[in-house]
Amino acid sequence: MKKAVLSILMLMLVISIPAACSKDPKKDDDSPQAPAVTETPAATPTPTEAPEPTPEPEIIVPAEPFDDQGRVIAVYGTPVLDGVVDDVWEKAGTVIPELKSSAAVQATGEFKVLWDEEALYTLYIVRDPVLNKASMNTYEQDSVEIFLDESNDKAISYQSDDVHYRVNYENTPSTDAGDPYRFTSAASLLKDESGNVTGYIAETAINWANPPSNGAIMGFELQINDANDAGIRAGTVNIFDGSNSAWQNPSVMGEVVLTGKEVKASSSRNTGMLNIYIKMAERIDPDNYVNSDILTEPLKNAKKVFNDESAAQPQIDAALDKLKEVIAQLNDGSGFVSVDSLTANEELPDPLTFFDGTKVASPADWDKRADEISRLYEYYMYGVMPDTSDEKVSYKVSGNELTITVEKRGKTVSFPVNFSVPDKNRIAMPEGGYPVLIAYLWLTQTEYANNKGYAVITLNTELIAADNWTRSGVFYDLYPYGDKWTEQTGALMAWSWGVSKILDALEAGAGKELNINPAYNIMTGVSRWGKAAAVTGAFDKRIKVTAPSCSGAGGMAMFRYKSEGKTYDYSSIGVNSPYVMTANEPLSSLQSSSEQHWFNDNFLNFKNVNALPFDQHMLASLCAEEGRYLFITGSYLYEDWTNPPAMWLTYLAAREVFKYLGLEDNIGIHLHKEGHMVTDEDMVYLLDFCDHHFYGRRIESNLDDLTKSLFLEPANSDPLFDKYLKD
Ligand SMILES: [Ca+2]
Ligand SMILES: [Ca+2]
Ligand SMILES: [Ca+2]
């Protein structure tokens, strides 16, 4: 019996794995669904229907939904993942989730939980009069979620054992944290007698990382996302998490206790992970690797062991280890090792030491090292800036719009940008034209900048690369996102390409026409566009001043520096009680389905920030060059997610490289009191900084302020900060 169930489960794994691989988002919508989703073998049973009479009914007494500690009880049993409620679910208690985040929520549900040696299984029966999946944000679609803290250590941010998955009513899965291959699902629609859709059923499985035994307790939460007919999430329904923060904070989950396994029930063979890796290996395109033949034998052996009923656990584990080993050794010809082969290091990597351990010995060496850092970022994180040497860039000016046209190998794309130039009759124009602030999206202080003698150009990034998984926009029209790392450019890098085209157009004559001097440019943006601004300045050496604002993780915040849970003294900015930092944006959030398109595929393989072969002071140091500047801004208050102390650390550590090159004055930081934005105060400092460095003008601001922060105060001291403050 177990064998039959397992083989059906395996079949389901085969069917749903392509959809489960969120790394290929293009396929998400079109991938074939498990047949059970739309064509259930029989009329979809619902739990309220009376069971069909059977000749010898087995009497099953369902478990209680909760134990006396309030934990959800998972009962031992193996369902088939097909979107149909199997008999085995009757063993499990029915959990009725009662925490609704909003009165507008119409969905109600029932959950059941089972487990065996392979996986944790959940059944969701959701009643929902309106099913909608129009939103680009998967969590805003009608869908169900599972959160699991397998080691139950209740960390306040996602660690490698914490996972968070989702599946919508059409069985499209998405992963916010964890290995997408570990999650499988099936879904089917609930209909009333007239055939009207009244809700849906979802069955999911999470394969264990570490197979548990009876009595195991884990962090656990289930959630329904209820979309309204406008495609917006009306709210959520949860068992435990009334704060709606389990997606970023595993410690708010409730718990599940695993029960009911009979001691002699099984031989405890766990082939789940082996199966997952076999499927993964089978999906690898041999053309993408120069040594793909190393996979052949280990894969053959793994399949043999998997199909051999008599294979013991050590043999299964050995086959899995070997398969993992060769997958990690696959060589894509980049000269870089796979993410799994990188050595984890808690220490900040040294910008002045090459990847192979050689020290940078001279400023000329630094140029080579900077080149290496750029290539590390292109390979492991942001994706490649493509070779643009055969592009032809032209432009047209009309009103306040500059339309830029890029032609490459017979393909042509165009996009407009808006500009605003100071009035020549009021504001003296420097020789060569006005300096220009280029901002992603918009700039609140455009009038102020114009009055100070700065032109402003704004770029709508959505035209360059859509801010979602579709990999669409004019950039991807010219450089389609592919399977090979050399064909993968994340959205932040794609947006940067857009800025480079603005500079190309200005240099090609638009600058002269508009009274703009393209050599005197400043690049800025806020939040995700702050991350992008940092990338732009790092990769286009024509950017004179790089000014990323509130950029946080993936931007100017050091990955390896966590400030959450730490206490800060902010009394000098009028905050009286100690300021306790809440969650910083974790790696898993950048890798989630709503943000992963900012990066390439390799970046999604990092499970731990310590494995990154760089940290963000190295991105910052790519601006360290004669005549180039870095001006970091951020916010002290209510910006815990962007991790301001980690941005201060990035400043301190990057300053070492600037110092090494004799350019200490070319880097500054200004953290304002509050606001996820470029504030007026930031802009005064920024333009004074530029006036001073560009033209040697007399300015009001004290530029020494740009070397200071509240994190210098004794109560906020940290040995890591101090290390950079010694001299
Ligand atoms: Ca089923
Ligand atoms: Ca955990
Ligand atoms: Ca709904």
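Me: Into which domains is the protein divided?

Reply: Domain 1 covers 2–259, domain 2 covers 272–331, and domain 3 covers 419–481 + 502–597 + 604–723; the bounds come from an automatic or database domain assignment. This is a predicted model, in which local features need pLDDT of at least 70, side-chain atom pairs count only at pLDDT 80 or more, and totals for chains, interfaces and linings use all residues. Residues are numbered from 1 along each chain as its sequence is written, while chains are lettered from A and ligands numbered from 1 in the order in which they are written.

Me: Why are helix 3 and helix 5 called roughly parallel?

Reply: The axes of helix 3 (residues 272–283) and helix 5 (residues 313–329) cross at roughly 30° and come within 10 Å. Axes are lines fitted to C-alpha atoms, for helices over the stretch in contact, with angles from 0 to 180 degrees between N-to-C directions. Angles under 35 degrees count as roughly parallel, over 145 as roughly antiparallel, 65 to 115 as roughly perpendicular and the rest as oblique. Helix 3 and helix 5 are therefore roughly parallel. Helices (H or I, at least four residues) and strands (E, at least two) are DSSP runs, numbered from the N terminus.

Me: What makes Cys-550 count as buried or exposed?

Reply: A residue is buried if 20 or more other C-beta atoms, placed from the backbone, lie within 10 Å of its own, exposed if 12 or fewer, and partly exposed in between. Cys-550 has 31 within 10 Å, so Cys-550 is buried.

Me: How is Leu-441 classed, and why?

Reply: Leu-441 has 14 C-beta neighbours inside 10 Å, so Leu-441 counts as partly exposed.
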